Amino acid sequence: MIKLYWLVGIATLSLMSYAQYAGWDVYAESPMAENTSAQYARSGHGTSFGSLHTFHK
Amino acid sequence: MHVAKCPSCGARVEFRSAGALLAVCGHCRATLLKRDLDVENLGKMAEVLEDGSTLQVRSEGRYSGASFVVLGRIQLQYGAGFWNEWYIEFADGRTGWLSEGSGLFYVTFPITVEEPLPAFADLQPGQSLRLNGWGFTVTNLETARCIAGEGELPFRVGAGYEVPTVDLRTGPRFATIDYSDAPPLVYLGETVEAADLALNNLREERAWSGKGDTAVREVKCTHCGGPLTLHGKAVESIACPYCGSVLDATHPQLAIISRFEGGMPPGMCLQLGARGKLFDKEFDVLGCLVREVLVENEPYRWFEYLLYDGNNEFRWLTEYDGHWNWVKPAAQMPSKLPARQARYQGKTFRGFAVAQATVSFAAGEFYWRIHAGESCRTADFIDPPLVLSEETMANEITWSVGEYLEPEVVSRAFQLAQMPARKGVAPNQPSPYKGVHGRMWKLFGLFSLAAFLIQLYFVLVADNKEVFRYGAVFEPNEAERMVVSDSFELQGRPTNLAIRQNTDVNNSWIGVSLLLVAEDGKLKFPAAREIAYYHGNDEDGEWTEGKPSDEVTFEQVPPGKYHLEALVEMPADARQPVRNVFTVHRDVPAWSNWLLAQLFLLLLPLFALWKRISFESKRWSESDFSGESA
C-alpha cells in the first residue's frame, strides 16, 4: 500500500503541476461546445447571445 | 574451610562456607552438624529425588557481577510437585539462595524486615504486603515439606519438617517468607533469566531431551495399556491421550491420580514428541492441554502445547482459531493500573477479557501434577503483538507473556503441511495497517508540502496581469441592457483568464450573462453570474449581505483577439441604471488544482485509517470490555 501511495503521490503532484501550467481550473468556466456556438452564430442578433435570458435562467 | 571426618563412614567432609552449619556426607548421606572441633551425626538424610534441574553442588554462576558457587540444597515437596532451594556462596563470602521455577531463576538473600508480618493463615494470593517499604503482592502460598538435602546448609534441617512459605513479587523483585521458624524468615531478591546467570559446571546428563535420547522411556498407561513416553526424571505426571488417565510419573507403578472424561477434541495440530526450531532453539512438544471457557453456555476451546528446549527452558505455544502465541513466564511481576490496565517492562497493556478457564483434556508429560478439571480465573491484557495473562488459582497467581506468531512461523518450525485456518482477529494480533497507516500519514505530509511548494511557485510566477478594462452603464429599460465591448488582444500560451466586475449595485441585484468571444469565431466562453448587495441597520446594528463585485475565471483561453458581450437582467421594479466596470486579467493564480490534489492525496491515508479502525473493531468485538475500547 505504501508503494501504491508513492505512485499516487508522484502522479498527483505531476498532474497538479501540469494542470497549473496548462491553466486548468475546475472552478473556471469552459468554452462553449461547437454546436452551441453554431446556434449562437445563427441567432442573428448581431451579437453572439441569441436568447440570453433563457441561458441565464 | 573446615574439614571433618564423617563419624559414620570416615569419608572426608568439607565445610567450605564459614556460614555452613550442616553438611550431608556425600558417601553415606549422614547429616553432620558442625561443632567447634568436630561434627555431630544427626542421622541419615533421605536421598534427593532426581529431577530436571541442571544445577548441582559445585555449579557456578554470576549474579550482579559477582561469582557464586552452589554449596548445597534442600528439596521441598508440595501438592503439585517439588522444587529445590540451592544454597549459594559468593566470592565475597555472602550467602544466598537460588531456586528455579517455570523457566525462571530466583536469587534471594536473608533480610530482616521492619514491618510486622501477618500470620500465614491470614494471607491469600493477590494480597498486598510491605517489606522494608517495598509494596509486594502475594503470588503463592504453599505448605511444603522438606524431603531431602545435600551438600552444605546454613541451618539444621531434616527430612519431613513442614515449611509454610509465601512468595511475593513486585516488578523484578521477589521475596519469600518462610513461616517454619518464629519469627518467620524473610528472603529478598529478584527473578533472573537463566542466560543472565552464566551458569557452568552443570549436570552433564540432561533430564529432558528429545528424539534419539536413550533416556526416553517407553511406558504403558496403567489404565488402558496405551503406549506412553517418559522423557525425563522431572516429569511429575503423564496424561494418557487414549483414555484420559493422569498418571503419577514419580510413582513406581505409575499410579492413576486423576482422569479426564471424553477424549482429545479434534484440532490438535502438534503431535507429542514433535520437534521444531523456534527463535533459533530446538523445542520438543511434551504435552498438550485443552482449555476452555464458557461464554453464555457456549464453550470456547484452545490448545496449549508445552515445549522444552532440553536446557531448563519451558515455553508454551497456544493456538485458538488458527491464531498462535509464543508464551513464557513473565520475568517481572506486572503491575495493575486503574481502568483495567497493566504495566509490564515499560509497556501499558489494556484489559481485554476475563474468564474462568478449565482444563478439559490433556495429553503428554507435564512438570507438575495435572488434575482433570483444573480451573483458574484468567485475565488477559493486550498490547499487540503481546498479551499478558494473569491466572489466579486458590493459592497462586501466575503471569505469563505471549507474543503473536504468524501461523507460517509455526508451520515452518514444525514442518506442518496443514494448519487450521485463521478466523477473525486475535486479541493481540498486530494490525497490518498500524505501521502502514503511520507511514502513510508521514508521506501525506511530505506530498502535501511538495504540493504547496509547487503551488507557491505557480502563484509567484503567475502574470496576473490586467489586459483589458471596459466600463458600461445598464439602463432599467430592457433595450439598453446589453453591451458589446471593444476588442482586446490576448497573448502568450493558452492559460486562464479572469473577468472581474465592479458594480454600484445597492440594495438590489443584477444577473449578468457574460460571453467572452474569440473574434476568429472558433471559441466562446459563456458565464452566468448574479451580483447582489444589500445592507442596512436593524436592532443588532449594521448588516450587509452579498457584495457588489464578482469574478469569473475561464480556463485554457488561447491567445487571440477577443471581445466581451454582457446582457444584464434587473429586478422588475428597477429604476436606477447600474454601472459595471469589467476588468480582464490574464494568467491568474488558481488554487483549485492544489485543493483537488490535497483531496486526492488524502484518499489512500483515509482508506488505510478506515481499514485500521475496522480491524480494531473486529478485535474489540470479542473483548469483554468492547464498549470501553477507544
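Hi everyone, let me start with one residue: Glu236(B) counts as buried, at 4% relative accessibility. Buried here means under 20% relative accessible area, exposed means over 50%, and partly exposed is in between, using a 1.4 Å probe and protein chains only. This is a predicted model, where local features need pLDDT of at least 70 and side-chain atom pairs count only at pLDDT 80 or more, while totals for chains, interfaces and linings use all residues. Residues are numbered from 1 along each chain as its sequence is written, chains are lettered from A and ligands numbered from 1 in the order in which they are written, and side-chain values use heavy atoms, with hydrogens and water left out.

Back to our residue. Which side chain meets Glu236(B) in a salt bridge? The partner is Arg369(B), at 3.6 Å from N to O. A salt bridge is a side-chain nitrogen of Lys or Arg within 4 Å of a carboxyl oxygen of Asp or Glu. Salt bridges with shared partners join Glu236(B), Asp248(B) and Arg369(B) into one network.

Over all chains, the count comes to 18 salt bridges. Among them is Glu14(B) with Arg12(B), where the closest N and O atoms are 3.2 Å apart. Glu14(B) is partly exposed at 25%, and Arg12(B) is exposed at 55%. Another one joins Asp92(B) and Arg94(B), at 3.1 Å from N to O. Here Asp92(B) is exposed at 52%, and Arg94(B) is partly exposed at 37%.

Now for a residue without a salt bridge. Glu142(B), in strand β12 (residues 134-153) of chain B, is buried yet has none. How far away is the nearest side chain of opposite charge? That is Arg369(B), 11 Å away; for this, Lys and Arg count as positive and Asp and Glu as negative, while His and the chain ends are not counted. What Glu142(B) does have is a polar contact, side chain to side chain, with Asn395(B) at 3.1 Å. A polar contact is a pair of N or O atoms within 3.5 Å; within protein, one must be able to donate a hydrogen and the other to accept it, and residues adjacent in sequence count only if both atoms are side-chain atoms.

Finally, the two chains together. The contact, meaning heavy atoms within 4.5 Å, takes 37 residues from chain A and 55 residues from chain B. There are zero salt bridges between chain A and chain B, but twelve residue pairs in polar contact, both at pLDDT 80 or more. On the side of chain A that touches chain B, the largest share, 15 residues, comes from α1(A). From chain B, let me show you Asn593(B), in helix α3 (residues 592-621). Asn593(B) is buried at 7%, and the residues it touches include Met16(A), Ala19(A) and Trp24(A).

Notes
Helix = DSSP H or I, 4+ residues; strand = E, 2+ residues; numbered from the N terminus. Lists of a residue's contacts leave out its neighbours within four places in sequence.
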